[in-house]
Amino acid sequence: MTHEPLKPVIAYLGLGGNLDNPLDLLASARKAIAAVPGIREIAFSSFYASKPMGPTDQPDYINAVMAVETTLPPHGLLRALLMIELSHGRVRTGQRWGPRILDLDILLYGNGNIADESLTIPHTGIADREFVLYPLAEIAQPNLEIPGMGLLCDLVAACPLRGLEVIRHD
Ligand code: ROI
């Protein structure tokens with residue numbers, strides 16, 4: 001049986017890292033994501049410097065959000081992101097909320113809700129993470145509906161900046 005390619009879906013991806021040279025790593029990850037067959041870049045936010053959520057004895061993070069159009073199903077997209085994390089030297093240390101070379105998350109996949117052992121969409125952290133909401137608001141419509149959480153503009157309005165700063169415009 002052959003599978004028809006899926007109708008293109010807009011997905012939003014979160015990129016983050018706080019080791020080595022996170023700016024270069026995120027820029028490289030962006031290129032790698034855009035080069036995956038079945039993924040097309042639509043928009044990319046500014047890069048942001050953010051204070052670590054979780055243990056504070058780790059370097060500040062660089063974060064960004066990317067909008068893509070994709071014909072990959074959610075788990076295919078996840079697999080592609082995991083491969084790119086690995087090819088950029090990510091090692092899972094097992095330390096919860098510890099420092100990381102490169103973290104690639106699916107924040108939203110169309111208006112889909114998914115919850116299984118490997119994937120939760122919308123990403124659970126969206127609603128209260130300034131380093132996700134502000135870059136997302138830069139490239140998405142304010143009235144974007146985050147399934148189960150409300151409108152993007154309302155979530156942003158309720159989220160303190162916690163020292164978040166734009167660090168470089170491309
Ligand atoms: N903190 C910030 N500021 N940015 C991140 O991307 C990030 N990612 C994580 C944890 C450890 C929760 N903290 C973070 O996975």
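This is a predicted model: local features need pLDDT of at least 70, side-chain atom pairs count only at pLDDT 80 or more; totals for chains, interfaces and linings use all residues.
View 1. Residues are numbered from 1 along each chain as its sequence is written, and side-chain values use heavy atoms, with hydrogens and water left out. L6 is found in the segment before β1 (9–17), where strands are DSSP runs of E with at least two residues, helices are runs of H or I with at least four, and both are numbered from the N terminus. Leaving aside neighbours within four places in sequence, L6 is in contact (heavy atoms within 4.5 Å) with T71, L72, P73 and Y109.

**View 2. The largest nonpolar core.** This core, a set of buried Ala, Val, Leu, Ile, Met, Phe, Trp, Tyr and Cys residues joined through side-chain atoms within 4.5 Å, has 32 residues, and those with the most contacts inside it include L13, I33 and L77. At least two of its residues come from each of β1, α1 (22–34), β2 (39–44), β3 (47–50), β4 (61–70), α2 (74–87) and β5 (103–109). Another core, of 20 residues, lies apart from it, with Y12, A43, Y48 and L108 among them.

**View 3. The contacts of Leu77.** Not counting residues up to four places away in sequence, L77 touches A11, L13, I39, T70, L72, I106 and Y109.

Notes: Buried means under 20% relative accessible area, exposed over 50%, partly exposed in between (1.4 Å probe, protein chains only).
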